[in-house]
Amino acid sequence: MSKKALYLLGIAITIILGTFLYLKFCCNCSDKTTTDDAPKIVSPAVQEPNFVPFVLNGSGIEYQTHDNLKFLKNSAILVMPVSDSVTTGIEKLKAFLSSNPKQKVTITGYATSDEKNTTTFENLGLARANDVKNYFVSKGMSENQFNTKGEILDNWKMSADTLLGPADYSFDAIDSTSAVSNESSALRDKINADPLILHFNTNQSRLNLTDAEKQKITAISQYLEQVKDAVVLVVGHSDNVGNRDSNIILGQKRADFSKNYLSKNGIDAARIETSSKGPDEPIGDNNTSEGKAENRRTVITIK
């Protein structure tokens, strides 16, 4: 065979082999290519779970958990059991209210406008608020520390046929006036139960005060700061040595001295009343020197 024939035969074999390989390995390539017109597969959007946190947020208490109390649609009865995280919050609320007996909490219950109210309450939201209150009371809290109200909304977050946490809690400001009043009343009772008594030597209307007596004056000043219309009453006394009229005058001098001392220590003189009982109200035996010393005194109380 000539060289030219061999060359042509080689070309023919190459064309045949190339065609065979193309048909075997590449004929389906176009089928795997996605065109712009081909429908695209879209991954489903991730749905955020329904989430209504259980929140307690007041002065002195702060708690939040992702779980909550639940109600079935059209129902005013809490779904049981309550989750552990919500139970923890309820225990914190119990401890807080126990430590703050004047604290009030308003529970607002919610219901949707398409729900049916088969309760005796004005609306389903109010019924739910009352059921939450009753549950709290069953856990040892005072019914008197709760107020309830209800509201109707167009929608609320749900899971299937269950409403998630359709209630919230607002903490009323504690009546600081009442708190101060109770504190002041206790201080006044303490002052009057153990009054400041200043003792004097015979015919004297001057004295040096002990540290304990100065502390009592401080307590009186504190009370007057808290109760703006309070009045201090200073009553002077004497023993029975001499005539009564002279002792009445001496008792008044002692009361006036005590008033002057109090005013120099920050107590408004206009809020101090003085009087004298002289020898008329002895607390000791005037037949003994010790008894007479007890009777020479001024007694300072809150009027």
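Trainee: How far apart are the closest N and O atoms in the salt bridge that Asp194 forms with Lys216?

Mentor: A salt bridge is read from a side-chain nitrogen of Lys or Arg lying within 4 Å of a carboxyl oxygen of Asp or Glu. In this predicted model, the closest N and O atoms of Asp194 and Lys216 are 3.1 Å apart, which meets that criterion. Asp194 belongs to the loop between helix 4 (176-193) and strand 9 (196-199), while Lys216 sits in helix 5 (residues 211-226), so the contact ties together parts that are 22 residues apart in sequence.

Trainee: Are Asp194 and Lys216 buried, partly exposed or exposed?

Mentor: Asp194 has a relative accessible area of 46% and is partly exposed. Lys216, with 26%, is partly exposed as well.

Trainee: How many salt bridges does the structure hold, and which parts of the chain does the pair of Arg296 and Asp239 link?

Mentor: The structure holds eleven salt bridges. In one of them, Arg296 meets Asp239 with the closest N and O atoms 2.9 Å apart. This pair links distant parts of the chain, 57 residues apart: Arg296 is in the loop between helix 7 (289-295) and strand 12 (297-302), and Asp239 is in the loop between strand 10 (232-237) and helix 6 (244-264). Both Arg296 and Asp239 are buried.

Trainee: What separates N from O in the salt bridge of Asp67 and Lys70?

Mentor: The side chains of Asp67 and Lys70 meet at 2.7 Å, N to O. Asp67 is partly exposed, at 27% relative accessible area, and Lys70 is also partly exposed, at 25%.

Trainee: How many aromatic pairs does the structure hold, and what is the geometry of Phe96 and Phe171?

Mentor: The structure holds five aromatic pairs. Phe96 and Phe171 form an edge-to-face pair, 5.9 Å centre to centre, with 75° between the planes. The label edge-to-face applies because the angle between planes is over 60 degrees. Phe96 lies in helix 2 and Phe171 in strand 8 (residues 167-171), so this pair ties together parts 75 residues apart in sequence. Phe96 and Phe171 are both buried.

Trainee: Which residues form one aromatic cluster?

Mentor: Phe54, Phe136, Phe146 and Tyr169 form one aromatic cluster.

Trainee: Which residues have a positive phi although they are not glycine?

Mentor: Backbone torsions are read residue by residue. Asn74 has a positive phi of about 70° and is found in the loop between strand 3 and helix 2. Its relative accessibility is 33%, so Asn74 counts as partly exposed. Ala160 has a positive phi of about 60° and is found in the loop between strand 6 (158-159) and strand 7 (162-164). At 75% relative accessibility, Ala160 counts as exposed.

Trainee: Is the peptide bond from Met80 to Pro81 cis or trans?

Mentor: The bond from Met80 to Pro81 is cis, its omega being near 0°. Pro81 is found in the loop between strand 3 (70-72) and helix 2 (84-99).

Trainee: How many helices and strands does the chain have, and what percentage of its residues count as buried?

Mentor: The chain has seven helices and twelve strands. Of its 303 residues, 35% count as buried. The accessible surface comes to about 18900 Å², and carbon and sulfur atoms account for 52% of that area. Among contacts between residues at least 6 apart in sequence, 72% join residues at least 24 apart.

Key
Residues are numbered from 1 along each chain as its sequence is written. This is a predicted model: local features need pLDDT of at least 70, side-chain atom pairs count only at pLDDT 80 or more; totals for chains, interfaces and linings use all residues. Side-chain values use heavy atoms; hydrogens and water are left out. Helices (H or I, at least four residues) and strands (E, at least two) are DSSP runs, numbered from the N terminus. Buried means under 20% relative accessible area, exposed over 50%, partly exposed in between (1.4 Å probe, protein chains only). Contact means heavy atoms within 4.5 Å. Accessible areas come from the Shrake-Rupley method with a 1.4 Å probe; for residues, only the protein chains shown count as cover. Rings of Phe, Tyr and Trp (its six-membered ring) pair if their centres lie within 6.5 Å; planes under 30 degrees apart count as stacked, over 60 as edge-to-face and the rest as tilted.
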